[in-house]
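Please keep the structure in view while reading.

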Amino acid sequence: MSVTPLNRTLEQELAGLIRGVSLECLVCGEFVLHQGPVVRCPECGSSVSAAVESEEAPLHWSSQAG
């Protein structure tokens with residue numbers, strides 16, 4: 001039995017974060033808080049939200065360097 005490598009794209013990681021499959025911040029690795037359609041990281045302040053009405057950009061990501 002061998003280990004199969006798993007490579008994910010950023011889009012797949014963001015979709016998993018929005019769906020609640022992943023609980024880890026993509027920026028700092030800490031646990032995130034789900035607040036309705038918005039997922040926020042209390043440690044680094046980054047957030048991602050699902051736009052239900054928009055078909056062009058269904059995910060909105062914001063993060064601040066600091």
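## The β2–β3 pair

In this predicted model, strand β2 covers residues 38–40 and strand β3 covers residues 47–50. The two strands run antiparallel and are joined by three bridges. Within the pair, V39 stands opposite V48, which belongs to β3.

Strands β2 and β3 form a hairpin with six residues between them. In this hairpin, G45 has a positive phi, near 85°.

Is G29 buried or exposed, or in between? Its relative accessible area is 37%; buried means under 20% and exposed means over 50%, so G29 counts as partly exposed.

G29 can also be placed relative to E43. The two residues are 14 residues apart along the chain, and their C-alpha atoms are separated by 9.2 Å.

## The whole chain

How many helices and strands are in the chain? There are one helix and four strands. Along the sequence they follow the pattern α-β-β-β-β.

The chain has 66 residues, and 20% of them are buried. Among contacts with a separation of 6 or more, 16% are between residues 24 or more positions apart.

Conventions
Residues are numbered from 1 along each chain as its sequence is written. This is a predicted model: local features need pLDDT of at least 70, side-chain atom pairs count only at pLDDT 80 or more; totals for chains, interfaces and linings use all residues. Side-chain values use heavy atoms; hydrogens and water are left out. Buried means under 20% relative accessible area, exposed over 50%, partly exposed in between (1.4 Å probe, protein chains only). Two strands pair if DSSP finds at least two bridges between them. Contact means heavy atoms within 4.5 Å.
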